[in-house]
Every structure is written in structure tokens, then in C-alpha cells.
Amino acid sequence: MIRSHRLFPILLVLITGLLTVWLDTVSRWEPSKRELDPNKPEVVVDAVVATRYDPKGMLQEKMIASRMWQYPDRTESYFETPDLQSYKNGVLAYHAIGESGRYNSKTRQALFDKKVTLIQPASADQPETRVVSSNMRIDTVRHIAQAATLTHFYHGKSSGSAVGFIYEQQTGQLQLLSNAKVTYEK
């Protein structure tokens, strides 16, 4: 004869074991994987402000745009009305404003593909410099801007145009590639 006081602990262990197994199977979360459409943006953001700081904690780059989107499995982000600002020792070195563009986070290069203006602010010994082009590529690591299209530039009272340019921010040199026309005024 089995007595109920001896049966109770065995039933309690058995029920607890079954409850544990059942809870384990119900509580396992497996995310549903669905394929993303490579032709539709994975991320769309309005009013974007992205900043990058140097190892000392000083502002190095800032990207402001009215809209940004990125497609699945791509390193490029696309922007409407981008404003890329580059800083040196916390001071604005130059900024580029365009109608549209994209930024590759792997190569850290920006391509402005519609009407872009590169501006180097005036300093104590130099007037403001503006370079206007229909498109422009900016390497944010080497601080080089370049284009192969018709470009107009303004440096203080001086101005000019050329087909293509390379601007090296580190040296402050603007190299005009071909068909250069310059009006120099002091």
C-alpha cells in the first residue's frame, strides 16, 4: 500500500520537471528571419545629424542632412541636402553643401552628385574660398576634394573657372586641371 504522504513528493518532482520542460520550449525566442528587398531602403531617417570625434574628444566631422536612407547590405548612405563639415583641432576647416549625395562608411568618402559648394572659411590671413561644381568627391581621411566637371571658384575678390580640380586641405592648394580661366584681384 502506497501512502499519500510518500506519493506527494514524487508527484511534485514529476510535475515540476514537466513544467520546466514545457516552459523551456515555450519561452525560447527565435527571431523570424525574412529577406530584405535590396531595392528598398532598410533605414530611412529625417533630420539627420551625425558627428565623429577624434581620439582627443574634439569634433572631427559632422554630417547634417534633411533625409538619409540606406539599402540592405551596403556601406553607402544616401542623403538629401547634405552638409559635410570637417574640423581640424575643433575648428571648422571646410564644409561642403549639396543637393544630394552619398557617404561610404567603409572608405569614408563622400560623393556629392548634384550642385555642390565647398567652403573654406576665412582665417586671419586668408579670405573665404568657395568652389562650386555640379558634383564632387571628398575623401574625409586624406582631406582631398576633387571633381572632373566644370568648376567655378571664388577666393576673396578673385574668381575663376576650370574643368576639374583637386583641392588638398592640408596644404591649402587648389589645383585646376584644364581650361583654367582666372581673374585675380588684390
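Reading strand pairs and salt bridges

Q: How many bridges join strand 9 to strand 10?
A: Strand 9 (residues 144-155) and strand 10 (residues 158-168) run antiparallel and are joined by 10 bridges. Strands are DSSP runs of E, at least two residues, numbered from the N terminus. Two strands pair if DSSP finds at least two bridges between them.

Q: What kind of model is this, and how are residues numbered?
A: The model is predicted, and local features need pLDDT of at least 70, side-chain atom pairs count only at pLDDT 80 or more, while totals for chains, interfaces and linings use all residues. Residues are numbered from 1 along each chain as its sequence is written, and side-chain values use heavy atoms, with hydrogens and water left out.

Q: Which residue in strand 10 stands opposite Ala145?
A: Tyr167 in strand 10 is opposite Ala145.

Q: What does the turn between strand 9 and strand 10 look like?
A: The two strands form a hairpin with 2 residues between them. Gly156, in that turn, has a positive phi of about 65 degrees.

Q: What about strand 10 and strand 11?
A: Strand 11 (residues 173-183) pairs with strand 10 in the antiparallel sense, over 8 bridges. Gly160 is opposite Val182 in strand 11. This hairpin has 4 residues between the strands, and Gly172 takes a positive phi near 75 degrees.

Q: How many salt bridges does the structure hold?
A: A salt bridge is a side-chain nitrogen of Lys or Arg within 4 Å of a carboxyl oxygen of Asp or Glu. The structure holds 8 of them. One of these joins the side chains of Arg28 and Asp24, at 2.9 Å from N to O.

Q: Which residue forms a salt bridge with Glu61?
A: Arg52 does, and the closest N and O atoms are 2.8 Å apart. Glu61 has 6% relative accessibility, so Glu61 counts as buried. Arg52 is partly exposed at 28%. Arg52, Glu61 and Arg108 are linked in a network of salt bridges.

Q: Where do the partners Asp113 and Arg102 lie?
A: Their side chains meet in a salt bridge at 3.9 Å, N to O. Asp113 lies in strand 6 (residues 109-120) and Arg102 in strand 5 (residues 91-104), so the pair ties together parts that are 11 residues apart in sequence. Asp113 is partly exposed at 36% relative accessibility, and Arg102 is partly exposed at 25%.

Conventions
Buried means under 20% relative accessible area, exposed over 50%, partly exposed in between (1.4 Å probe, protein chains only).
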